[in-house]
Each structure stands twice: as structure tokens, then as C-alpha cells.
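Here is a short briefing on one protein chain.

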Amino acid sequence: MTIHFIMNHLIQKHEQYALISVKENDFAGTLANDLETVSRDLFREGFHNLIVDFTTTHTIDSAGISILKKINMLCSRELGIMVLVSDNDDFVDQLIDGKIRDVTILPTVEEGIDAVFMNDLENDFGAESDDFDDEDFGEDGYTKSEQP
């Protein structure tokens with residue numbers, strides 16, 4: 001595990017995910033831009049699962065929502081997941097109102113870590129189920145398990 005302090009957030013790098021703990025009350029302006037830069041650096045390093053801990057954050061502006069949409073899209077594109085962590089109902093409502101497509105919002109970092117592992121398992125099972133060879137199909141075009 002590697003820990004880095006960058007301006008007003010903390011980054012912890014683990015094998016399967018990076019945890020970014022935002023240490024600000026308001027997620028707006030340059031902080032949002034900093035998170036985008038940090039996230040792009042993490043993607044270049046091979047981190048496609050990001051957990052963003054907003055436990056101390058109370059508000060987010062439209063620029064912050066826009067940045068989270070971009071980061072979420074990058075994660076999804078690489079079959080990763082972005083998990084936003086907050087137990088503040090008002091802040092969660094702001095995130096929901098931002099309409100970030102297929103975003104995962106959970107109340108604790110531990111649940112976020114579980115979500116990362118579940119996403120990875122789902123991707124692994126999905127990849128295995130797509131590995132059909134021609135001999136897996138019968139004359140009728142069905143796999144052995146799909147035959148009526």
C-alpha cells in the first residue's frame with residue numbers, strides 16, 4: 001500500500017483499487033480539477049477501480065459533478081468501478097441529482113471495497129461465460145446448457 005498526500009486529499013493505492021479521501025467540505029473549483037488530474041494519473045498506472053471517500057464533504061457544484069461523470073465513464077470503459085462514499089444524506093442527494101450514470105454510492109469505505117471486489121468477480125465470470133468455442137454449440141445453435 002502506497003500513501004500520497006496531494007493538496008487536500010489522500011491517495012492510498014492497493015492492488016485492486018485506489019482510495020482517494022477528499023479532505024474538504026466543498027467539492028468544487030480547483031479541487032474537482034485536481035481530482036480529475038489525479039484520476040487520470042491513476043488510470044495511467046493501471047488503476048481502473050476508484051473509491052472516492054467524501055465523508056468530510058458536504059457540498060458539490062456542477063463542475064464537481066461533471067468531473068465525477070468523466071471519471072466514472074473512464075472507470076466503466078475499462079470494466080472498473082467508481083464508488084463514491086458518503087453517509088451525509090444531503091450530499092448523497094446532490095450526487096443523485098447530478099445524474100451520474102450507473103454510479104455506486106455507499107455509506108462506508110469498507111462497503112466500497114466490497115463493491116470493487118464484487119465488480120471484479122462479475123467481470124471475471126462474464127469473461128468466462130463468453131469463452132465459447134464452436135464445439136460448445138450443438139447442431140441447433142444452442143449451447144448444451146441452453147438446449148430446451
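Phe125 sits in helix α4, which spans residues 109–129. The model is predicted. Phe125 is exposed, at 54% relative accessible area.

- Helix α3 covers residues 89–97, and its buried residues are Phe91, Val92 and Leu95.
- An α-helix has 3.6 residues a turn, so residues three or four places apart point the same way.
- Asp89, Asp90, Ile96 and Asp97 are exposed on the other side of α3.
- Cover for the buried residues of α3 includes the strands β6 (59–60), β7 (82–85) and β8 (104–106), along with helix α2 (62–77).

**Helix α3: its two ends**

- At the start of α3, a side-chain oxygen of Asn88 comes to within 2.9 Å of the backbone nitrogen of Asp90.
- Lys99 follows α3 and has a positive phi, near 55 degrees.

**The whole chain**

- The protein chain holds 4 helices and 8 strands.
- Their order from the N terminus is β-β-β-β-α-β-β-α-β-α-β-α.
- The chain has 148 residues, and 41% of them count as buried.
- Among contacts with a separation of 6 or more, 62% are between residues 24 or more positions apart.
- The accessible surface of the chain is about 8,800 Å², and carbon and sulfur atoms account for 49% of that surface.

Terms used:
Residues numbered from 1 in each chain as written. Predicted model: local features only at pLDDT ≥ 70, side-chain atom pairs only at ≥ 80, totals over all residues. Heavy atoms only, no water. Buried < 20%, exposed > 50% of the residue type's maximum accessible area, 1.4 Å probe, protein only. Contact = heavy atoms within 4.5 Å. Polar contact = N/O pair within 3.5 Å; in protein donor to acceptor, adjacent residues only side chain to side chain. Areas by Shrake-Rupley, 256 points an atom, 1.4 Å probe, with all protein chains shown as cover.
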